[in-house]
Amino acid sequence: MPTWMPGLVVAASAALVAWLVHLAVPAVPILTAAVALGIVVGQIPALRPALAGGLAPGLRVAARSLLRLGIVLLGLKLSLVDIAALGWVSILATIGVVVVTFVGTIGLGRAMGLPGHQPVLVASGFSICGASAIGAMAATVRARDEEQAVPVALVTLCGTLAIAVLPALWHPLGLSATGFGHWVGAGVHDVGQVVATAQLAGPAALAVAVVVKLTRVLMLAPMVAITAAVERRRAIEPAGPRPAIVPLFVAGFLAAVLLNTFVALPEPVLTGADLVQTALLATALFALGASIRFAELARTGWRALVVGLTSWALVAALAYGAVLVG
């Protein structure tokens, strides 16, 4: 049996458990449940030898290879036609939210002294699309698995809080149902968290929220490409080959977007791809969650917590401004 098989089976089984949790409590997105389950498992002392030993190869395959495959299939959710229907003002405002949050979070992370690649990983998660963006950016900058733990924990925490906090602010902020959907799509991190939050305002709000959110997801490709170009300029040749400007899985993501835009794919194909994509990402995010250790976060993670909460507030405020402009 391949060395990666046991860990992969455990991660896939955990993804199934996350799906069952979602069925039992629909307000809990599958991917959020998968990350949370991984975090819980990672805190159990008796399981740590297995996580670091026999299960480690399979968990690495899940956290890296399956995550990238899931990101490629995520492109089939996007259609450039749907995004164009938002109008140029809304599109430019959404792009502005992503860029300002990304740059502002990196600056804050560096000012707070976050180590290694953590500033760019936190910025990716909060500005683009949660843990999926963290994984994509980590692959691009060649971040260590440990460097992803804090950003994934933060984006999961804040995204889950958003499901409770944003609906409470809907009416006090004077937003219509569609305005609330736009705000949620522009300000909440993970696609599943967007759906869980926006559906409270009805189908019209949900439809707007998903399209706005997927517009942010589309920003994954240029943000990764720009970051890769910066990393190439910084790379020292003897340290190894420079990162590709457009990683292969990001090129696949863009190809999937174009395919869904210009080819009328049958509904069963899109439904099947969505199921596979969700299963892949849930498996990968459990593996990422299992690498998180709260004891270590308590000693070193308070600066990251400040950065994450500030970034969460920043993206929410910018998204609200985007709604008012649009």
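I take helix axes as lines fitted to C-alpha atoms, over the stretch in contact, with angles from 0 to 180 degrees between N-to-C directions.

**Ground rules.** My model is predicted: local features need pLDDT of at least 70, side-chain atom pairs count only at pLDDT 80 or more, and totals for chains, interfaces and linings use all residues. I number residues from 1 along each chain as its sequence is written, and side-chain values use heavy atoms, with hydrogens and water left out.

**Confidence.** I looked up pLDDT (the predictor's confidence in each residue, 0 to 100) and found a chain mean of 88, with 94% of residues at 70 or more.

**α8 and α16.** Next I checked helix α8 (residues 145–169) against helix α16 (residues 302–325): they pack at about 40 degrees, axes 10 Å apart. I then listed the contacts (heavy atoms within 4.5 Å): V150, L154, L157, C158, L161, A162 and V165 of α8 meet A304, L305, G308, L309 and W312 of α16. I sorted these residues into eleven nonpolar, one polar and no charged, with Gly counted as polar and Ala, Val, Leu, Trp and Cys among the nonpolar.

**α9.** Last, I turned to helix α9 (residues 177–187), where nine of eleven residues are buried (under 20% relative accessible area, 1.4 Å probe, protein chains only). My buried list is G179, F180, G181, H182, W183, V184, G185, A186 and G187. Their cover includes α8 and α16 again, along with α6 (88–111), α10 (191–198) and α11 (203–218).

Conventions
Helix = DSSP H or I, 4+ residues; strand = E, 2+ residues; numbered from the N terminus. Buried < 20%, exposed > 50% of the residue type's maximum accessible area, 1.4 Å probe, protein only.
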